[in-house]
There are 2 protein chains.
Amino acid sequence: MNIIIHDVGMRDGLQIEKDLIPLEKKIEWIKKLMDSGIDIIQMGSFVNPKKVPSMADTEQLFIQLNKIKKPSTVFSALVLNEKGVERGMSVDVEMFCMGVSASETHSQKNTGMSVSEATERIIAMAKECIKAGKKVQVSVQSAFGCGFEGKIPEERVISIVEKYLEAGIKNISLADTAGHGNPEKVEKLYSAIFKLDSTVECACHFHNTYGLGLLNCYTAMKAGVKYIETAFGGLGGCPFTKSPAGNVSTEDFVHLLQQLDIRQDIKLDKVIEIAKDTSSFFKRELPGMIYKIGKLREM
Amino acid sequence: MNIIIHDVGMRDGLQIEKDLIPLEKKIEWIKKLMDSGIDIIQMGSFVNPKKVPSMADTEQLFIQLNKIKKPSTVFSALVLNEKGVERGMSVDVEMFCMGVSASETHSQKNTGMSVSEATERIIAMAKECIKAGKKVQVSVQSAFGCGFEGKIPEERVISIVEKYLEAGIKNISLADTAGHGNPEKVEKLYSAIFKLDSTVECACHFHNTYGLGLLNCYTAMKAGVKYIETAFGGLGGCPFTKSPAGNVSTEDFVHLLQQLDIRQDIKLDKVIEIAKDTSSFFKRELPGMIYKIGKLREM
């Protein structure tokens, strides 16, 4: 089974951290992620540096690290608007990630636009990136439920996916920002997408809010999802609560994969090292389990 | 789907606690578990009180609580030997749980007997309990791997299960003491058992050592396992490490079930209350997630 790991810790993990992380530290973590054999590394996002200061050095990361990038690794970045695309183009980003929310409330709060306005805009941006020869991934946020609106009808997610497909964009991620996903929803939604088009390259992005992160990733994988988005240490979510509501932990997911004899090429020990180092850096325990307990060694 | 919850927190959770828990506290927790609608409550074990002081009051619990037990609740106890059965009979235990390890090393260390000697003895004990009109559950410990021996060949587990079935015992639990289970092993092992006899009443008992507890329970359930053993708060494992290697948390599993619209009759809030109270009592955070973050409320 060919599963691709997209580590989003540098972006979805660090964006909410109050401590500014020195550029050198970020470079060290990204280099280690690259050495571990993680396939795609999300370096940061091109957002207003005044609003998200921890992402202000995203250009610098691309400038310094594109020079030493391995051919087998892909560096991605999140963009929210045309200005972000422009900034990303200026530092030669290889893969652009962008998306819309399936929740009207979430969309309005995040972008000031309705879902359908936002979808139109994102599709235009995605097309521009594809035209420039870039890899592109589009996403549907709040695909499994919304912190504001609660349940999100499946049809709303599907109608956005249909628009992506009509525009010829086939790399599509469903994101579960609020952690409302469960295995039945996951199976149902991805099956519906694969029914629309069996050649879609599906990705998933789960948060572990209610402890179902690994279960949802596993279910997605079994349903045919190839790209799994995780964050080293299980970073993400609110750092001011003890509740581990971050992303699914990269090392925990890779550990599961390797128990199933999948992706033995990834150097799990290196990912564990990054999680340990991150935990020391932030002086707190992270939600990931394997970096604390060690991996299972069967004789 | 008719899923039965067997809470083993009072036994597998509390047996390793160094603090002696007052009888009144235990009674309070068991009463709350009963009120929540949990189906089977494991009250304790009949073991040498000098070796496991926290289980010394198991007789008292049955004497005091059998009087007020609801007809819909079952009280179970673990027994290791004939002396334990005798003690259990003297206080009218309704359901006897007993088992052998599939690992020779584990079996020798625990019982001083080989697996086949232990199996013979357990079957004799089980038959005696059945003859006395008792409910009986037999188990295979270390069914998914062993902390001492590593991999446990499937055939070894199956050969014990075959002996149970030949003896006419159909309520069979597979226990993953070391937390080595993964969804593929789980699916394979239970399928093999149901192939032997499709009418077996299977139970599962997973520890969350590597974060796969809920995933393994869900997979077992999908494979036809009806009895799921969990512990409130995710108690169990070693209390002297921060790593949450306890049982699967009852409230986390019930939360998952209710997300799937199963067992809405269980009063999840009551189980959460017990986990919170237990956390206060032990003055430490427990591994369970839902009691910390609250349950998902969709509008």
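Biologist: How are H10(A) and H11(A) oriented to each other?

Modeller: This is a predicted model, and what follows is computed from it. Helix H10 (residues 250–259) and helix H11 (residues 268–282) of chain A pack with their axes 9 Å apart, at an angle of about 160°. Angles over 145 degrees count as roughly antiparallel. H10(A) and H11(A) are therefore roughly antiparallel.

Biologist: Which residues of H11(A) make the contact with H10(A), and how do the residues of the contact divide by class?

Modeller: On H10(A) the contact is made by A:Thr250, A:Glu251, A:Val254, A:His255 and A:Gln258. The H11(A) residues are A:Leu268, A:Val271, A:Ile272 and A:Ala275. By class, the residues of this contact of H10(A) with H11(A) are five nonpolar, three polar and one charged.

Biologist: What is the hand of the crossing of H10(A) and H11(A)?

Modeller: The angle between these helices is about 160°. The crossing of H10(A) and H11(A) is left-handed.

Biologist: In what order do the eight strands of chain A close into a barrel?

Modeller: The pairing in this barrel is parallel. Neighbouring strands of the sheet are turned by 25° against each other on average, direction ignored. Strand S1 (residues 4–7) of chain A is joined to strand S8 (residues 227–230) of chain A by four bridges, and the two run parallel. The order in chain A is S1-S2-S3-S4-S5-S6-S7-S8.

Biologist: Which residue in S8(A) does A:Asp7 stand opposite?

Modeller: Strand S1 of chain A covers residues 4–7, and strand S8 of chain A covers residues 227–230. The residue opposite A:Asp7 in S8(A) is A:Thr230.

Biologist: In chain B, how many bridges join strand S2 to strand S3?

Modeller: Chain B has eight strands that close into a barrel, with parallel pairing, in the order S1-S2-S3-S4-S5-S6-S7-S8. In chain B, strand S2 (residues 40–46) runs parallel to strand S3 (residues 74–79). B:Ile41 stands opposite B:Phe75 in S3(B). The number of bridges between S2 and S3 of chain B is six.

Biologist: Which helix of chain B lies across S2 and S3 of chain B?

Modeller: The helix in question covers residues 58–65 and runs at about 140° to S2(B). The helix is H3 of chain B.

Biologist: How are H2(B) and H3(B) oriented to each other?

Modeller: Helix H2 (residues 23–36) of chain B packs on H3(B) at an angle of about 55°, with the axes 11 Å apart. B:Leu23, B:Lys26, B:Ile27 and B:Ile30 in H2(B) meet B:Gln60, B:Leu61, B:Gln64 and B:Leu65 in H3(B). By class, this contact of H2(B) with H3(B) has five nonpolar, two polar and one charged residues. The angle of about 55° makes H2(B) and H3(B) oblique.

Biologist: Turning to the two chains, which element of chain A gives the most residues to the side that touches chain B?

Modeller: The contact takes 32 residues from chain A and 32 residues from chain B. The elements of chain A that give two or more residues to it are helix H8 (183–196), helix H9 (213–222), H10 and helix H12 (290–293). The one that gives the most, with four residues, is H10(A).

Biologist: What relation superposes chain A on chain B?

Modeller: A rotation of 180° with 0.0 Å of shift along its axis superposes chain A on chain B, with an RMSD of 0.0 Å. In chain A, the C-alpha nearest the axis is that of A:Leu215, 2.5 Å from it. The copies meet through the same surface, because 100% of the interface residues of chain A are also interface residues in chain B.

Biologist: Which residues of H9(B) make the contact with H9(A)?

Modeller: The axes of H9(A) and helix H9 (residues 213–222) of chain B come within 7 Å and cross at roughly 50°, which makes H9(A) oblique to H9(B). The crossing is right-handed. By class, the contact of H9(A) with H9(B) has six nonpolar, no polar and no charged residues. H9(A) gives A:Leu214, A:Leu215 and A:Tyr218, and the H9(B) residues are B:Leu214, B:Leu215 and B:Tyr218.

How values were computed: Residues numbered from 1 in each chain as written. Chains lettered and ligands numbered in written order. Predicted model: local features only at pLDDT ≥ 70, side-chain atom pairs only at ≥ 80, totals over all residues. Pairing = 2+ DSSP bridges. Axes fitted to C-alpha atoms, helices over the stretch in contact; angles between N-to-C directions. Parallel < 35°, antiparallel > 145°, perpendicular 65-115°, else oblique. Left-handed = near helix turned anticlockwise from the far one by under 90°. Contact = placed C-beta atoms within 7 Å. Nonpolar A, V, L, I, M, F, W, Y, C, P; charged D, E, K, R; others polar. Least-squares fit on C-alpha atoms with pLDDT ≥ 70 in both.
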